[in-house]
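The sequence and structure come next.

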Amino acid sequence: MIAAQAKLVYHLNKYYNEKCQSRKAAISKSIREVCKVVSDVLKEVEVQEPRFISSLSEMDNRFEGLEVISPNEFEVVLYLNQMGVFNFVDDGSLPGCAVLKLSDGRKRSMSLWVEFITASGYLSARKIRSRFQTLVAQAVDKCSYRDVIKMVADTSEVKLRIRDRYVVQITPAFKCTGIWPRSAAHWPLPHIPWPGPNRVAEVKAEGFNLLSKECYSLNGKQSSAESDAWVLQFAEAENRLILGGCRKKCLSVLKTLRDRHLELPGTPLNNYHMKTLVSYECEKHPRESDWDENCLGDRLNGILLQLISCLQCRRCPHYFLPSLDLFQGKPHSSLENAAKQTWRLAREILTNPKSLEKL
């Protein structure tokens with residue numbers, strides 16, 4: 001048994017050093033190319049409208065606010081200033097979303113975003129995005145990369161197609177630190193010892209972002225109040241959560257397997273589903289020793305089986321907001337197809353670790 005486990009870990013490490021590292025290198029190269037173009041567009045936007053200041057900056061070889069959705073798809077979060085005069089309200093009426101309401105006694109004129117405040121005193125995510133989309137469209141025509149960029153049509157999101165190879169979504173957002181949303185107040189679960197009080201404090205200190213984008217749970221039935229709402233996002237908190245042991249290595253292997261074998265019609269799975277399942281696996285295996293390098297095979301196997309279960313049940317709960325289903329709106333047939341493919345992959349890796357050389 002131990003020999004089989006060691007064999008699997010050996011092949012997984014080999015897979016990580018060869019396939020995962022070359023994937024990382026290729027994505028880093030793509031990110032540089034994409035960020036060069038996006039920075040140019042945002043510079044142009046800032047000239048037209050100084051309230052939209054580019055926050056895309058490089059720190060320790062990573063770009064602040066950039067998320068990799070898949071090797072050719074990225075999201076850049078553009079942090080806006082001056083949320084101060086608004087109260088953050090998440091009463092659970094819009095799963096995964098919250099609203100920003102003008103604080104009592106504050107005048108509209110005190111806000112930097114005065115013309116985007118609705119009659120009832122809410123800062124409208126949709127109105128800000130609509131204005132931003134117009135500015136980006138103008139900037140695309142003026143910037144030095146105009147020959148290689150196109151705006152993606154038929155969406156209220158701000159999406160650019162670059163060199164017909166990459167798609168980048170640019171999302172206006174507010175960063176919220178020092179508070180934790182009520183809709184995530186149940187976390188951490190009292191009966192689970194992971195991640196421990198110190199890590200919990202660090203994660204909550206990272207806070208969350210409020211994004212101006214279409215919300216999962218509201219697809220197809222947006223009233224005006226809902227389209228004014230902001231989407232909760234926990235990228236930095238989630239990154240902080242999966243530090244230590246072989247967690248990040250495990251996620252890297254999962255992303256590489258996804259890119260190579262689970263990029264399927266209807267796009268049932270993305271990197272975020274993998275990241276979410278790693279967090280759930282941490283709860284199931286709370287001890288640090290469960291994430292030693294020699295446990296990599298067991299953890300990967302556990303996550304793949306959990307993924308198959310989620311795909312078959314057609315439900316993948318968001319880690320911090322479990323009432324939010326990350327498979328919402330995905331075609332059932334594409335989830336079934338992904339379940340079959342994942343099962344093939346898991347069986348192959350478990351019964352014949354050497355097959356990783358070909359995967």
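Contact here means heavy atoms within 4.5 Å. The model is a predicted one.

**Helix packing on α8**

Two packed helices are described by the angle between their axes and the distance between the axes. Helix α6 (residues 247-261) packs against helix α8 (residues 296-313) at an angle of about 50°, and their axes are 10 Å apart. That angle makes α6 oblique to α8. The crossing of α6 past α8 is right-handed. On the α6 side, the residues in contact are K249, C250, V253 and L254, and they meet L296, R299, L300, I303 and L304 of α8. By class, this contact of α6 with α8 holds seven nonpolar and two charged residues, with no polar ones.

Helix α7 (residues 271-284) also packs on α8: the two axes come within 10 Å and cross at roughly 115°. This crossing, too, is right-handed, with α7 passing α8. From α7, the residues M274, L277, V278, E281 and K284 take part, while α8 supplies R299, G302, I303, Q306, L307 and C310. The contact of α7 with α8 divides into six nonpolar, two polar and three charged residues.

**Salt bridges**

Side chains of opposite charge can pair when their charged atoms come close. How many salt bridges does a search of the whole structure find? The search finds 25.

| Salt bridge | N to O distance |
|---|---|
| R51 and E115 | 2.6 Å |
| E75 and K213 | 3.2 Å |
| E263 and R258 | 2.9 Å |

The closest N and O atoms of R51 and E115 are 2.6 Å apart. This pair links distant parts of the chain, as R51 sits in the loop between α1 (2-48) and β1 (58-59) and E115 in the loop between β6 (97-102) and α2 (125-142), 64 residues apart. Is R51 buried or exposed? R51 has a relative accessibility of 14%, so it counts as buried, because buried means under 20%. E115, at 42% relative accessibility, counts as partly exposed.

The side chains of E75 and K213 meet in a salt bridge at 3.2 Å, N to O. Here again distant parts of the chain are linked: E75 belongs to strand β4 (residues 73-79), K213 lies in the loop between β10 (208-211) and α4 (224-227), and 138 residues separate the two. E75 has a relative accessible area of 6% and is therefore buried.

Salt bridges that share partners join R23, R258, D259 and E263 into one network.

**The surroundings of E206**

E206 is found in helix α3 (residues 197-206). With 22% relative accessibility, E206 counts as partly exposed. Which residues does E206 contact, leaving aside its neighbours within four places in sequence? They are C176, T177, E236, A237 and R240. V136, by comparison, is 70 residues from E206 in sequence and 29 Å away in space, C-alpha to C-alpha.

Definitions and conventions:
Residues numbered from 1 in each chain as written. Predicted model: local features only at pLDDT ≥ 70, side-chain atom pairs only at ≥ 80, totals over all residues. Heavy atoms only, no water. Axes fitted to C-alpha atoms, helices over the stretch in contact; angles between N-to-C directions. Helix = DSSP H or I, 4+ residues; strand = E, 2+ residues; numbered from the N terminus. Parallel < 35°, antiparallel > 145°, perpendicular 65-115°, else oblique. Left-handed = near helix turned anticlockwise from the far one by under 90°. Nonpolar A, V, L, I, M, F, W, Y, C, P; charged D, E, K, R; others polar. Salt bridge = Lys/Arg side-chain N within 4 Å of Asp/Glu carboxyl O. Buried < 20%, exposed > 50% of the residue type's maximum accessible area, 1.4 Å probe, protein only.
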